[in-house]
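Please study the structure shown below and work through the exercises that accompany it. Each task is followed by a worked solution.

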Amino acid sequence: MKQSKTLDMTQFQNKKANFHTHTTRCKHAYGEDRAYVEKAIEAGFEVLGFSDHVPWPFEGYVSPIRMQMKDVEGYVDSVLALKEEYKSDIDIYLGFESEYFAEMFSELMEQLQQYPIDYMILGQHYLDNEVYRRYAGRDADEATLISYVKQVIEGIRTGYFSYVAHPDLVSYQGYPAVYLQYMKQLCLEAKKLEIPLEINVNGYREKIQYPNETFIQLAAETGNTFIIGVDAHDPSQLLDKKNYEECVSLGKRYTDRLICYR
Ligand SMILES: [Zn+2]
Ligand SMILES: [Zn+2]
């Protein structure tokens with residue numbers, strides 16, 4: 001059963017909605033916050049969620065790929081101001097893309113609770129904790145695959161996440177049966193908790209390891225719901241109709257449980 005801490009994405013299922021959008025605060029995205037809104041409107045999106053990389057309260061380590069806690073107030077103020085300014089054109093939501101790092105998660109949520117955050121999506125880039133720099137998306141062995149799946153499952157069980165971003169980020173090169181065995185666990189848990197799985201347009205455009213068609217097939221057979229996420233790191237990527245539509249077609253090839261696209 002879905003918990004109340006999440007924004008239920010199925011309420012937007014018949015709208016053109018994108019909940020995966022970054023800003024320059026994460027240090028690897030480009031453009032003004034306003035430009036993301038204007039490009040989204042131009043592209044025909046009815047709903048836009050900002051989900052920049054969450055600021056983990058690390059001690060003695062500054063992440064090169066995310067905002068810092070001191071940037072949150074400016075982020076929140078900017079998104080809320082744009083939400084108000086553009087309310088007749090598009091519905092804007094305030095969110096974060098976050099990993100699940102077990103030992104720091106409650107501290108993170110405590111520091112964020114003062115802000116009116118609508119939703120979070122789970123993007124498990126690193127294993128254990130980012131400070132160890134173990135990226136799950138490169139040369140993953142079986143132990144990495146197991147850790148990745150375990151962390152994603154623990155993450156969605158917290159009840160804070162509205163969907164899993166690039167669930168197929170883990171890049172396991174071993175036996176297909178091993179991949180399927182563990183990823184099936186992820187799919188089953190997401191299905192049980194009614195958490196959609198993303199087909200990531202940015203990964204598709206960049207031709208990296210995700211979206212992984214083997215995974216999409218597995219999740220479709222499991223009965224999972226899919227959602228398209230642009231994962232925009234540049235406003236113009238919201239206008240990339242070709243790759244967006246190819247991701248829609250990819251999903252539709254395997255399932256009719258695809259939401260939030262037009
Ligand atoms: Zn990013
Ligand atoms: Zn992202």
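This is a predicted model: local features need pLDDT of at least 70, side-chain atom pairs count only at pLDDT 80 or more; totals for chains, interfaces and linings use all residues.

**Exercise 1. Identify the protein donors of the zinc ion (ligand 1) and state where H28 and H53 lie.**

Solution. 
- Step 1. The donor atoms are NE2 of H28, NE2 of H53 and NE2 of H233, which lie 2.1 Å from the zinc ion (ligand 1).
- Step 2. Along the sequence, these donor residues follow the spacing H-x24-H-x179-H.
- Step 3. H28 belongs to the loop between β1 (17-18) and α1 (33-42), while H53 belongs to strand β2 (residues 47-53); the pair therefore ties together parts that are 25 residues apart in sequence.
- Step 4. Buried means under 20% relative accessible area. H53, at 4%, is therefore buried, whereas H28, at 28%, is partly exposed.
- Step 5. A distance of 4.3 Å separates the zinc ion (ligand 1) from the zinc ion (ligand 2).

**Exercise 2. Determine how the buried residues of helix α3 are arranged around its axis.**

Solution. 
- Step 1. Helix α3 (residues 102-112) has M104, F105, L108, M109 and L112 as buried residues.
- Step 2. Viewed down the axis of α3, the buried residues fall within an arc of 140 degrees, so they line one face of the helix.
- Step 3. The general principle is that an α-helix has 3.6 residues a turn, so residues three or four places apart point the same way.
- Step 4. E103, S106 and E110 are exposed on the other side of α3.
- Step 5. The cover over the buried residues of α3 includes α2 (72-85), β3 (91-98), β4 (119-122) and β5 (161-164).

**Exercise 3. Describe helix α7 from its start to the residue that follows it.**

Solution. 
- Step 1. At the start of α7, a side-chain oxygen of N212 comes to within 2.9 Å of the backbone nitrogen of T214.
- Step 2. Within α7 (residues 213-222), F215, I216, L218, A219, A220 and T222 are buried.
- Step 3. Among the elements covering these buried residues are α5, β6 (197-200), β7 (226-229) and α8 (241-254).
- Step 4. After α7 comes G223, with a positive phi near 95 degrees.

**Exercise 4. State which residues have the most contacts inside the largest nonpolar core.**

Solution. 
- Step 1. The largest nonpolar core has 77 residues, and L145, Y148, M183 and F215 have the most contacts inside it.
- Step 2. Helix α5 (residues 176-192) supplies the largest share of this core, 7 residues.
- Step 3. A second, separate core has 14 residues, including F12, A17, I259 and C260.

Methods: Residues are numbered from 1 along each chain as its sequence is written. Chains are lettered from A and ligands numbered from 1 in the order in which they are written. Side-chain values use heavy atoms; hydrogens and water are left out. A nonpolar core is a set of buried Ala, Val, Leu, Ile, Met, Phe, Trp, Tyr and Cys residues joined through side-chain atoms within 4.5 Å. Buried means under 20% relative accessible area, exposed over 50%, partly exposed in between (1.4 Å probe, protein chains only). Helices (H or I, at least four residues) and strands (E, at least two) are DSSP runs, numbered from the N terminus. Donors are N, O and S atoms within 2.8 Å of the metal (3.2 Å for Na, K and Ca); water is not among the atoms, so sites may look incomplete. The arc is that of the directions from the helix axis to the C-beta atoms. Contact means heavy atoms within 4.5 Å. A polar contact is a pair of N or O atoms within 3.5 Å; within protein, one must be able to donate a hydrogen and the other to accept it, and residues adjacent in sequence count only if both atoms are side-chain atoms.
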